[in-house]
Amino acid sequence: MNAWVRKLHMYSGLLNFSILMVFGIAGLVASANAPDIFQRPALHTITTQDFNVPPSASDKEVVGAIADALRIRVAELPNPQRNPHHQLTVDFYNPNGLRRVTLLEPDHRLQVETFRNSIWRFFDNMHATTLREGAPWTAQRLWGWYIEIATLSMIWMIASGIWLGLGQRWSLRWTQFSSALAVIAFGILYYLEK
Amino acid sequence: MYRTIRTLHLILGLVSSLFLLLYAVSALQMAHRVKLHPTVTEEDISLPSGMEARPLALQLMKERNIDGEFGQVQSNPSGFRFNVTRPGAQWTVTYQTATGQTHLHTERRDFLGMLNRLHHLNGLRHDDQTLNAWGWALVMVSVGLLLLGMSGVYLWFRLHNERTIGSILLAANLIVSLVLIVILRS
């Protein structure tokens with residue numbers, strides 16, 4: 001049985017290797033408080049394009065039309081807002097950053113303000129992508145599924161790793177020391193944060 | 001070299017295990033929007049009038065066993081409001097400047113709520129050193145995870161019998177993830 005547990009532990013690791021790297025990078029990005037799209041966007045552009053609002057459309061329907069015009073596919077349309085000039089604005093987030101769209105209704109135009117993340121914040125956003133994001137069968141949804149599988153695989157790898165480590169290598173001082181350190185460090189920090 | 005890497009993989013895995021389990025379980029809670037059930041208490045207190053926010057917070061921290069990070073102060077016509085936050089609890093203080101009447105809203109997180117907050121806790125420059133301690137733990141666990149992955153690949157590669165199937169799995173992983181990353185970044 002241990003041979004199979006080891007095999008499956010190994011296969012899980014290989015199948016999820018790149019996502020484990022993304023998780024590790026995300027932890028370091030968060031710790032370093034890397035600048036986000038509002039503090040220091042890697043790219044910030046403003047473009048405009050023609051856009052006609054159907055005269056009897058609701059704000060929500062307009063958001064849908066904007067998404068179609070910009071070819072943005074999302075699982076759920078974001079809620080529109082009104083800026084101080086009473087212009088309709090809507091924010092479309094994705095792992096790359098933000099597209100803030102302002103409807104310039106009298107001019108029949110859209111203003112698209114793009115804030116693009118650094119590669120580091122991109123990885124941070126990628127690690128946080130869930131399977132509720134992105135329209136079905138888009139890259140974002142597929143990545144969300146991959147994250148879900150990787151998270152479940154990680155739980156398996158932790159459980160199987162503990163099983164293998166404690167079961168087969170308990171006699172090693174390193175195993176005993178590491179296990180004690182894990183329990184003590186986690187326990188103390190959890191208690192302190194509570 | 002193989003034995004050293006294998007021992008390193010064992011140590012890193014065991015030491016990080018509970019932290020990684022926390023992140024994985026809380027990730028599932030967030031992905032599936034599992035409801036959290038904090039315990040909420042409300043209390044009205046009389047304090048001196050005309051206090052400023054920070055001295056008020058410090059007084060409450062001393063007298064009411066409140067501890068955590070002092071958040072942004074939001075002014076309103078009758079006074080102000082602020083939060084004091086730590087992973088296990090959040091206190092919302094609403095103060096009326098003219099009368100000193102203070103409303104204290106306390107939320108104590110349940111176990112999943114605690115995991116959720118710890119998942120989001122990061123950074124090394126908090127005023128509260130216990131929060132910084134968790135920040136350092138995150139740094140070490142993140143580095144540990146990167147080393148676990150790389151050492152794991154090395155350990156697999158040294159097993160000749162597993163090279164074929166392992167290569168297929170690793171190649172599949174790299175191809176799928178790189179393609180998705182390139183598409184999403186473009």
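This is a walk through a predicted model, with stops to select in your viewer.

**Getting started**

Before you click on anything, here are the scores: the model has ipTM 0.86 and pTM 0.87. Colour chain B by pLDDT, and you'll be looking at a mean of 93, with 100% of the residues at 70 or more.

**Stop 1: the sheet in chain A**

Show chain A as a cartoon and find its open sheet of 5 strands. Reading across, the order is β1-β5-β4-β3-β2, and the pairing is antiparallel. Strands in a sheet pair through backbone hydrogen bonds, which can be parallel or antiparallel.

Now select residues 88-94 and 97-104 of chain A, which are β3 and β4. These two strands run antiparallel and share 6 bridges. Which residue of β4(A) is the bridge partner of Tyr93(A)? Click across and you land on Leu98(A).

**Stop 2: hairpins in chain B**

Switch to chain B and pick out β4(B), residues 79-86. Its antiparallel pairing with β5 (residues 89-96) of chain B runs over 8 bridges. The hairpin between β4(B) and β5(B) has 2 residues in its link. Look for Phe80(B), which faces Tyr95(B) in β5(B).

Carry on from β5(B) to strand β6 (residues 101-108) of chain B: the two are antiparallel and joined by 7 bridges. Here Gln90(B) stands opposite Glu107(B) in β6(B). This hairpin has 4 residues between its strands, and Gly100(B) there has a positive phi near 80°.

**Stop 3: rings in pairs**

Show the side chains of the aromatic residues. How many aromatic pairs does the structure hold over all chains? There are 12. Start with Trp174(A) and Phe177(A): their ring centres are 6.2 Å apart and their planes meet at 75°, so the pair is edge-to-face. The cut-off for that label is an angle over 60 degrees. Both residues belong to helix α6 (residues 173-193) of chain A, and because they are 3 residues apart, about one helical turn separates them.

Next, select Phe70(B) and Phe82(B), a tilted pair with 4.9 Å between centres and 55° between planes. This one links distant parts of the chain: Phe70(B) is in strand β2 (residues 69-70) of chain B, Phe82(B) is in β4(B), and they are 12 residues apart. Phe82(B) is buried, with a relative accessible area of 1%.

**Stop 4: charges over rings**

Zoom in on Arg163(B), whose charged end sits over the ring of Phe157(B), 3.8 Å from the ring centre. Then look across to Arg185(B), where the charged end is over the ring of Phe122(A), 5.2 Å from its centre. Phe122(A) is also among the buried residues of α4(A), along with Arg121(A), Phe123(A), Asp124(A) and Met126(A). What do the buried residues of α4(A) pack against? Their neighbours are α2 and α5 of chain A, plus α5 of chain B.

**Stop 5**

In soluble globular proteins, nonpolar side chains tend to be buried together. The largest nonpolar core here has 38 residues, and Phe23(A), Trp143(A) and Trp134(B) touch the most other members. Helices of both chains each supply at least two residues, including α2 (17-31) of chain A and α1 (2-31) of chain B. α5(A) gives the most, with 8 residues.

Centre on Phe23(A). Beyond four places in sequence, Phe23(A) touches His127(A), Ile147(A), Ala150(A), Thr151(A), Met154(A) and Leu145(B). There is also a second, separate core of 16 residues, including Leu60(B), Phe80(B), Val84(B) and Trp91(B). Phe80(B) is the residue you saw opposite Tyr95(B).

**Last stop: Ser26(B)**

Select Ser26(B) in helix α1 of chain B. Ser26(B) is buried, at 0% relative accessible area. Setting aside neighbours within four places in sequence, Ser26(B) contacts Leu115(B), Asn116(B) and His119(B). To finish, draw a C-alpha to C-alpha line from Ser26(B) to Thr94(B): they are 68 residues apart in sequence and 30 Å apart in space.

Key:
Residues numbered from 1 in each chain as written. Chains lettered and ligands numbered in written order. Heavy atoms only, no water. Phe/Tyr/Trp six-rings, centres within 6.5 Å; stacked < 30°, edge-to-face > 60°. Buried < 20%, exposed > 50% of the residue type's maximum accessible area, 1.4 Å probe, protein only. Lys NZ or Arg CZ within 6 Å of the ring centre and 35° of its normal. Pairing = 2+ DSSP bridges. pLDDT = per-residue confidence, 0-100. Core = buried A, V, L, I, M, F, W, Y, C linked by side-chain atoms within 4.5 Å. Contact = heavy atoms within 4.5 Å.
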